[in-house]
Amino acid sequence: MLDLRRLRILHGLSQHGTVAATATALHLTGPAVSQHLAVLEREAGTPLLEKQGRTLAFTPAGRLLVSHAEVILDDLAAAESAMAAVSENGGTGTVRLSSFASAARQLLPSAWAGLREAGTVSLRLVQEEPDDALESLRRQDVDIALVHGYSLLPRSIPPRCEDRRLLEDPVLLALDPARAAGLAPGEPVRLERFAGHPWLVPTADLSCCEMIHRACGAAGFVPPVAAEASDFAVLVALAASGAGVALVPAMALPDGPPGVSLHPLEEPLTRKVFALTRTGTARRPDIRTVLDHLERSAREWTERYF
């Protein structure tokens, strides 16, 4: 019979890559991890791992068992959530959350304050871009991942995950006063009008950069890039100085007067913000409580700005 704890260790090895990293993540020693894996191979009756140089690689049987272990562990998490849902004290605990920067800045202060006032659930936050947040959720390092996907660059929901939509974040064109001359405040604009202007874009490692290139491509031009930055506040400040134009999600706008004229596009471009959890775990009372507070915070932000 296959042992659940050893399946968890095998799954951990698939997530972390090495025995040492798996041992650290699971609070075990390296020899203990190796011993459990050796016993699991005997239980399975076939080799699960093979040496490739100085590293361990999964055999076909090992990869197959990892895929089954993922389903088993997800089902176990769902069962634990269901039990917590009927437990008298199930609403207490610490929920681990990963979030991209603008959602952390705009949504979490209100949600965190509400949770602190209720006094039943505490949060532990790590700031990560969506791809990294999804990886953390897959490794079970976090319970909730706040991620986004653009209307021109949608993000698919990974297997064995559930999503709760929080808000639709409009993407706006930031113009300095000279470039905005003749435009009414908030007047929608056509993107091709700014094809010959210098563009201020996020760095290439961010999906926001791909979003801008797709939007400009759909408008029939390649943006001539004058500046790249990982912080939208930098791009807005440069736009205000006349350095160029920038597409900026509303949530990423800096606090206070940005010094630019902001305009939606005639062909609307939006960013969907949603919370992802592993299948079944959203029924866990503490996770459900955090999701409810995030949803309330998103609703408040939308009502405040739109």
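Okay, quick word on terms before we start: when I say helix or strand, I mean a DSSP run, H or I of at least four residues for helices and E of at least two for strands, numbered from the N terminus. Counted that way, the protein has 10 helices and 11 strands. And keep in mind that this is a predicted model.

So, the overall picture. We've got 306 residues, and 44% of them are buried. If you take the contacts with a separation of 6 or more, 77% of them come from residues 24 or more positions apart.

Let's go to the inside. The largest nonpolar core has 62 residues, and the ones touching the most other members are L173, L191, W199 and L247. Strand β6, residues 161-175, gives this core its largest share, seven residues. Who does L247 actually meet, once you leave aside its neighbours within four places in sequence? Well, there's a run of V171, L172 and L173, then L191, W199, I212, A215 and F232, and finally L265 and L269.

Now over to helix α1, residues 4-16, where you'll find H11. Is H11 buried or exposed? Its relative accessible area is 6%, and the cut-off for buried is under 20%, so H11 counts as buried. Skipping anything up to four places away in sequence, H11 touches V66, A69, E70 and L73, plus R138 and Q140.

Next up, a helix pair. Helix α2 is residues 19-26 and helix α3 is residues 30-44; their axes come within 8 Å and cross at roughly 105°. Angles of 65 to 115 degrees go down as roughly perpendicular, so that's what we call α2 relative to α3. On the α2 side the contact uses V19, T22 and A23, and on the α3 side G30, V33 and S34. Sort those by class and you have three nonpolar, three polar and no charged residues.

Last stop, the hairpin. Strand β1, residues 49-52, pairs with strand β2, residues 55-58, in the antiparallel sense, over four bridges. E50 sits opposite A57 of β2. Between the two strands there are two residues, and G53 in that turn has a positive phi of about 70°.

Key
Residues are numbered from 1 along each chain as its sequence is written. This is a predicted model: local features need pLDDT of at least 70, side-chain atom pairs count only at pLDDT 80 or more; totals for chains, interfaces and linings use all residues. Side-chain values use heavy atoms; hydrogens and water are left out. Axes are lines fitted to C-alpha atoms, for helices over the stretch in contact, and angles run from 0 to 180 degrees between N-to-C directions. Angles under 35 degrees count as roughly parallel, over 145 as roughly antiparallel, 65 to 115 as roughly perpendicular and the rest as oblique. Contact means heavy atoms within 4.5 Å. Ala, Val, Leu, Ile, Met, Phe, Trp, Tyr, Cys and Pro count as nonpolar, Asp, Glu, Lys and Arg as charged, and the others, Gly among them, as polar. A nonpolar core is a set of buried Ala, Val, Leu, Ile, Met, Phe, Trp, Tyr and Cys residues joined through side-chain atoms within 4.5 Å. Buried means under 20% relative accessible area, exposed over 50%, partly exposed in between (1.4 Å probe, protein chains only). Two strands pair if DSSP finds at least two bridges between them.
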